[in-house]
Amino acid sequence: MSNEPAPIFDTDELVINMGPQHPSTHGVLRIVLRLDGERVRDADVVVGYIHRGIEKLTENRDWTQIILLTDRMDYVAAASSNLGYCETVEKLMEVEVPRRAKYIRTILAELQRVASHCLWLGTHAMDIGAMTVFLYAFRERELILDLFEEYCGARLTYNSMRIGGLPLDIPTGWDRKVRAFCDVMDSKIQEYEELLTNNRIWLERTRGIGVISGQEATALGLCGPPLRGSGVYRDVRKDEPYAAYDEFDFDVPLGTNGDTYDRYLIRLEEFRQSLRIVRQAIDGLPDGPVMGKVPRLIKPKAGETYHAIESPKGELGYFIVSDGRSTNPYRLRVRPPSFCNLQGLKPLVIGHLVADVVALIGTIDIVLGEVDR
Amino acid sequence: MADEPRPGDSKVEKSNPVAPKPARAVAPTSKPAAKTPPEAPKGPSDPLPADDLERPPFLVALQTALPDAVEQFSYWVGDWTVIVRPVSLLEVARFLKESDEGSFDYCSDVTASDWPPREKRFDVIYCLYSTRRRHRVRIKVRVAEDETVPSVADLWPAANWLEREVWDMFGVAITGHPDLRRILMPENWQGHPQRKDYPLEGPGELLFESPMEWLRLRNLTDETEIE
């Protein structure tokens, strides 16, 4: 018998593969982790597993058909993707959208934000081990999906906007239902808070995890709640107002510590602010048409532009080049917020435990359909 | 506005469904022969700003500080673009980031577009934003296929993945990048899918570059062999 220790006790660093098929990576995300015991020493984030070439496809579809493709990027917030695309083309064509359409768009985008944050909250909490929240959050998301179904007939890929306005006016009584939903949702946010905000396990798992300073977050190009969680005041809705956001009062919540707990608090506050915007929009909904004057054959003049909106995940930008003579864009680039936020995952996870990697993937709120396009 | 007249003028189309030029296949009445695609566009219009348009202070400062670096300013639907030569890209980027008038501390996006007939076929575009001054600008460089672009990942770490995507999708060589690998396509992919001469369907350039290799991959049934 030799006195050598058994190989199970060696102290080498271990390289493991997390994903692409892993319940907590929210899709086909692969992370190669170099571990020293339970500590992450290095990480390599590998994306591209559901790359469908949407940007290439758009060069071969006409301007209206592309709205369908934008649905399939961030599939839990399809209305936001629709809005970003339609607004960019309208900017390129210099089309004026009727005020009523702007209001309804704002309502849809904010309901979408609530739905997306519901999904985020449920999955993030379940990753950390709080099963109940998942069921609660999906219950409320269902109510929003019902509202969307009543508006446009679809529950996931809405195709709910058109260049120049909206395909449909709201159905009779829809505004009343939206208002009723806002009242229901208020008490539900309270329920989430009771389950998590002062929960000791939740605090242990999220406080001080994945701290990032405002300066670093800006340099890394983080956007949306992860950037605001670090205390940077950046919200496209306020800085570069689009749709009807400049007509409503709302606050932009900011974090102080830049940790997972702050990002959680910010998203919960965004629930309330979104409901506040929806209520104002429903109350002040102007009369009028929902479709502006747009030529039947959409063909913007030659030129290029970049336009960004605040999707639930962050700054969703579209860079569109038109050559002015064909009925499809010459180049359409999507600046996906999830992609840019995912870039920040590596600096976040280094030094933390393997179990925290799951919490950190959850906290940056990615949708792989949008990362890979 | 673009200076040159364009063939697909909307007025011509309305009055005359069978367009005199064979370029556009608008009406179903036209013969299949009329479906020949129009000549590829020569490049973006990059319209010059109107003379009476006031330039934002950071552009004025840029022009006084680095007069030789700027090739052209462009303005379209409210967006300013600075077109620079690849050699002076880093200089201009650093100035815009560090000057007080600019303070562009946030790199929103890095992307490219491909204009094959042009000698310098690629446009590489940097969308910048300032979280302090809340304004935007785009920098654009034009590069040929065999030219390189310096990486701006030192100035804005956000550009790291975005430049990887430009390399992956367009094959624009980026020098000084900390980690230049493919990002969306598989590591062993051949060709750059977003180029205009890359086919929309099919296994891509592999079919043209090495048909035997393409056939071999097609006949593989075991996925591990492809790895």
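**At what angle do helix α6 and helix α11 of chain A pack, and how far apart are their axes?**

Helix α6 (residues 174-196) and helix α11 (residues 260-283) of chain A pack at an angle of about 165 degrees, and their axes are 10 Å apart. Here, axes are lines fitted to C-alpha atoms, for helices over the stretch in contact, and angles run from 0 to 180 degrees between N-to-C directions. That angle makes α6(A) roughly antiparallel to α11(A); angles over 145 degrees count as roughly antiparallel, under 35 as roughly parallel, 65 to 115 as roughly perpendicular and the rest as oblique.

**Before we go on**

The structure is a predicted model, in which local features need pLDDT of at least 70 and side-chain atom pairs count only at pLDDT 80 or more, while totals for chains, interfaces and linings use all residues. Residues are numbered from 1 along each chain as its sequence is written, and chains are lettered from A and ligands numbered from 1 in the order in which they are written.

Helices (H or I, at least four residues) and strands (E, at least two) are DSSP runs, numbered from the N terminus.

**Helix α6 and its two partners**

Let us stay with α6(A). Its crossing with α11(A) is left-handed, a word used if the near helix is turned anticlockwise from the far one by less than a right angle (clockwise is right-handed). Among the residues that meet here are Val178(A), Met185(A) and Ile189(A) of α6(A) and Leu268(A), Phe271(A) and Leu275(A) of α11(A). Residues are in contact if their C-beta atoms, placed from the backbone, lie within 7 Å. By class, this contact has 10 nonpolar, no polar and 6 charged residues; Ala, Val, Leu, Ile, Met, Phe, Trp, Tyr, Cys and Pro count as nonpolar, Asp, Glu, Lys and Arg as charged, and the others, Gly among them, as polar.

Helix α5 (residues 131-152) of chain A also packs with α6(A), at about 170 degrees and with axes 11 Å apart. These two helices are therefore roughly antiparallel to each other. Residues of α5(A) including Tyr136(A), Leu143(A) and Leu147(A) meet residues of α6(A) including Val178(A), Phe181(A) and Met185(A). The contact divides into 13 nonpolar, 1 polar and 5 charged residues.

**A sheet with a helix across it**

Now to the strands. Chain A has an open sheet of 3 strands in the order β4-β5-β6, with antiparallel pairing. Two strands pair if DSSP finds at least two bridges between them. β4 and β6 of chain A are the edge strands, each pairing on one side only, and the twist averages 15 degrees from one strand to the next. β4(A) and β5(A) pair over 9 bridges, and Tyr306(A) stands opposite Phe319(A) in β5(A).

Helix α3(A) lies across β4 and β5 of chain A, at about 150 degrees to β4(A). The axis of α3(A) also comes within 8 Å of that of helix α4 (residues 99-128) of chain A, crossing at roughly 140 degrees. The two helices are therefore oblique to each other. Ala79(A), Ser80(A) and Leu83(A) of α3(A) make this contact with Arg105(A), Leu108(A), Ala109(A) and Gln112(A) of α4(A).

**Where chain A touches chain B**

Finally, 39 residues of chain A are in contact with 36 residues of chain B. Elements giving two or more residues to chain A's side include α3 (78-93), β4 (303-311), β5 (314-322) and β6 (331-335). The largest share, 5 residues, comes from β4(A). By class, the side of chain A that touches chain B has 13 nonpolar, 11 polar and 15 charged residues.

Methods. Two residues are in contact if their C-beta atoms, placed from the backbone, lie within 7 Å.
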